[in-house]
Amino acid sequence: MRYGTLKLYVGSMYAGKTSSLMKEALSKNAVIFKPKYDTRYSENEIVTHDGECLPAYIFSSMKDIALVGETARPYCFDEIQFLDEDRYDGNFVDDIASLLSYGVDIYAAGLDMDWQGKPFKITASLLAMADHVTKLAASCNVCNNDARK
């Protein structure tokens, strides 16, 4: 059996991470997952800041992911930075490694750093495992320079 690939879209807020993930999901006919806690724009869709949306399965554990029962298609995960032990029942990084070992291709998006420039532990761990990384940046509304945090 082949090992799956992991591709990440990371960067600051408003950089286009979810938009990039949505394009990947549509082009690969992927299964989309959204963390249960993320209810900012919708409870059952991933939504860009521009209002584009796609339906998504809600998850907070590997059990929720396994219930979908679809391993022949790639998986897309949004807002990965917050999937720590407080918001995810289990170890998200280990669960991603397990899915990859079953040959599931994974696409994920999230912040790489907090507002102080400190890396999110979950994102940093997945970056170390990733086969492909796309680092995106937004432009600051004040100075028009890259917004890195």
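**Briefing: pocket, strands and salt bridges**

The largest pocket is lined by 27 residues, with M13, Y14, K17, H49 and L111 lying nearest its centre. A pocket here is an open set of points on a 1 Å grid over the protein atoms alone, with protein on both sides within 12 Å along at least five of seven lines; lining residues have an atom within 4 Å of a point. This is a predicted model, in which local features need pLDDT of at least 70 and side-chain atom pairs count only at pLDDT 80 or more, while totals for chains, interfaces and linings use all residues. Residues are numbered from 1 along each chain as its sequence is written, and side-chain values use heavy atoms, with hydrogens and water left out.

**Pocket and cavity**

- The largest pocket holds about 540 Å³ of space. A volume is the space filled by probe spheres set on the grid points, which are joined across faces, edges and corners.
- Helix 1 (residues 17-28) gives the largest share of the lining of this pocket, three residues. Helices (H or I, at least four residues) and strands (E, at least two) are DSSP runs, numbered from the N terminus.
- One cavity of 30 Å³ or more turns up in a search of the whole structure. A cavity is a set of grid points where a 1.4 Å probe fits but cannot get out.
- The largest cavity contains about 40 Å³ of space. Its lining is formed by K34, D38, R40, Y41, I46, V47 and D78.

- Strand 2 (residues 31-35) is mostly covered, with five of its five residues buried. Buried means under 20% relative accessible area, exposed over 50%, and partly exposed in between (1.4 Å probe, protein chains only).
- V31, F33 and P35 point one way from strand 2. I32 and K34 point the other way, and all of these residues are buried.
- Strand 2 pairs with strand 6 in the parallel sense over three bridges. Two strands pair if DSSP finds at least two bridges between them.
- Strand 2 also pairs with strand 5 (residues 57-59), again in the parallel sense over three bridges.
- F33 stands opposite F77 in strand 6. In strand 5, the bridge partner of F33 is Y57.

- Q81 lies in the loop between strand 6 (75-77) and helix 3 (92-101). Q81 counts as buried because its relative accessibility is 4%.
- The side chain of Q81 makes a polar contact of 2.7 Å with the side chain of E79. A polar contact is a pair of N or O atoms within 3.5 Å; within protein, one must be able to donate a hydrogen and the other to accept it, and residues adjacent in sequence count only if both atoms are side-chain atoms.
- A polar atom of the Q81 side chain also lies 3.0 Å from the backbone nitrogen of L111.
- Leaving aside neighbours within four places in sequence, Q81 is in contact with G110, L111, F120, I122 and T123. Contact means heavy atoms within 4.5 Å.
- I80 lies in the loop between strand 6 and helix 3. At 0% relative accessibility, I80 is buried.
- I80 touches L8, F92, A108, A109, G110, I122, T123 and L126, not counting residues up to four places away in sequence.
- I80 and D112 are 32 residues apart in sequence, yet 9.2 Å apart in space, C-alpha to C-alpha.

**Salt bridges**

- Side chains of opposite charge can pair when their charged atoms come close.
- The whole structure has six salt bridges. A salt bridge is a side-chain nitrogen of Lys or Arg within 4 Å of a carboxyl oxygen of Asp or Glu.
- D105 forms a salt bridge with R2, with the closest N and O atoms 2.7 Å apart. D105 lies in the loop between helix 3 and strand 7 (106-111) and R2 in the segment before strand 1 (6-11), so the pair ties together parts that are 103 residues apart in sequence.
- D105 is buried at 16% relative accessibility, whereas R2 is partly exposed at 45%.
- D112 forms a salt bridge with K135, with the closest N and O atoms 2.3 Å apart. D112 lies in the loop between strand 7 and helix 4 (121-129) and K135 in strand 8 (residues 132-136), so this pair ties together parts that are 23 residues apart in sequence.
- D112 is buried at 7% relative accessibility, and K135 is partly exposed at 42%.
- D38 forms a salt bridge with R40, with the closest N and O atoms 2.8 Å apart. D38 is buried at 6%, while R40 is partly exposed at 47%.
- K7, E24 and K28 are linked in a network of salt bridges.
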